Amino acid sequence: MKAAVVTEFGGPLVVKDIPIPEPAPEQVLVKMETCGVCHTDIHAAQGDWPAKPTLPFVPGHEGVGVIEAVGSLVSKDRIGERVAIAWLGSACGECDHCVSGWETLCEKQQNSGYSIDGAYAEYAVAHAKYVVRVPDGISSFDAAPLTCAGVTTYKAVKVGGVTPAQRVAIFGVGGLGHMAVQYAKIAGGFVTAVDIEDEKLELARELGADHTVNSATTDPVEAIQALGGADVVIVLAVIPSVFDQAFRSLRRGGRLVCVSLPAHGVFPVPIFETVVGGISVLGSIVGTRKDLREVFALHEAGRTTVSAVSRKLDEVNDCFEDLLAGRVTARQVFEF
């Protein structure tokens, strides 16, 4: 099969033929139809984070395809089922986090395209219990970005506790941000979208943003505070300085939800302002299988729109360059 492989951190990915994997007893073999490109894939390929993948590896955690074969412990009835391979490749299923509905915090989890090979390939194996069925009413093209960009921002809106008529600011309107705008609107929030690209801000307005701020020309803190300050700010940009802007955009009692993971940088939280202002700083990491089912249900019902462009696997290095250069308005999706 053809696969895009990381052979060295910081180097270009190599598209080459490798053997089709065999499913282990609890796994399924999925013939991939699509896979979205996430910024996390770039962090993985560059070895940006403290816990690095083991080389060589295949990235990709927004994979959608059809089960072609199953392991010995998986029912053959699942052959032909269209499923999504998400970031959460598997978890222990037994720890406090898993049994309380927070499987994404499991310390024994495996992550697709990071600690185990992912979906930048014509075939991928995945744990049968952790793939999620894709409803018939959703195209594989749309389902791919929903599998990470969708479920990650959906969970962030949940973690932020957005309620009707609250003011929500979204910092970073790209692959994740354009979905965050929609989920915040579904929750009843008044949304301000912040970015440095007018094209992305226009997309945010088309998707229902009540206000937009180009932070390249306007101080986002002043603009958001002029609206009364934000009850919830969700940070999706990977620039460390944005976290400080987001914090200062909050009104008293506000919640800062940190989602993006810059490769470097520290966000100093001002203790006095946090205590006196009753500010909460929260981390939100992707979503569970249940969250992804809800994301799919909303999309099948016509409540959300995915903005993406089609790419081929041979273009993987160009995809990364375009994403890093800000030339991508929303999401890129490989079609196999």
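Mentor: Start with a rule: two strands pair if DSSP finds at least two bridges between them. Strands (E, at least two residues) and helices (H or I, at least four) are DSSP runs, numbered from the N terminus. What you have here is a predicted model, where local features need pLDDT of at least 70, side-chain atom pairs count only at pLDDT 80 or more, and totals for chains, interfaces and linings use all residues. Residues are numbered from 1 along each chain as its sequence is written, and side-chain values use heavy atoms, with hydrogens and water left out.

Trainee: Okay, in what order do the 6 strands of the open sheet come?

Mentor: Read across it as 12-11-10-13-14-15, with parallel pairing. Strand 12 (211-214) and strand 15 (280-283) are the edges, each pairing on one side only. Direction ignored, neighbouring strands of this sheet are turned by 20° against each other on average.

Trainee: How many bridges hold strand 14 to strand 15?

Mentor: Strand 14 (residues 250-258) pairs with strand 15 over 4 bridges, in the parallel sense. To find one of them, go to C258, whose bridge partner in strand 15 is G283.

Trainee: And which way does strand 3 run against strand 4?

Mentor: Antiparallel, with 7 bridges joining strand 3 to strand 4 (residues 63-70). Look for M32, which has G65 in strand 4 as its bridge partner. Strand 4 also pairs with strand 5 (residues 82-85), antiparallel over 4 bridges, and there V66 stands opposite R82. Strand 3 (residues 27-37) pairs with strand 8 too, antiparallel over 5 bridges, with Q27 opposite H127.

Trainee: Is strand 8 buried or exposed?

Mentor: In a regular strand the side chains alternate between the two faces of the sheet. In strand 8 (residues 123-127), 5 of the 5 residues are buried, so the strand is largely enclosed by the rest of the structure. Buried means under 20% relative accessible area, with exposed over 50% and partly exposed in between (1.4 Å probe, protein chains only). Y123, V125 and H127 point one way, A124 and A126 the other way, and all are buried.

Trainee: What does T40 touch?

Mentor: T40 lies in helix 1 (residues 39-46) and is buried, at a relative accessible area of 18%. Leaving out residues up to four places away in sequence, T40 touches W49, H61 and W87; contact means heavy atoms within 4.5 Å.

Trainee: Now the helices. At what angle do helix 3 and helix 9 cross?

Mentor: Axes are lines fitted to C-alpha atoms, for helices over the stretch in contact, and angles run from 0 to 180 degrees between N-to-C directions. The axes of helix 3 (residues 140-159) and helix 9 (residues 289-300) cross at roughly 110° and come within 9 Å. The two helices are therefore roughly perpendicular (65 to 115 degrees; under 35 is roughly parallel, over 145 roughly antiparallel, the rest oblique). Residues in this contact include L146, G150 and Y154 of helix 3, and L292, V295 and F296 of helix 9.

Trainee: Which residues of helix 3 meet helix 4?

Mentor: Helix 3 packs against helix 4 (residues 177-186) at about 45°, with the axes 9 Å apart, which makes the pair oblique. L146, A149, G150, T153, Y154 and V157 of helix 3 meet M179, A180, Y183 and A184 of helix 4.
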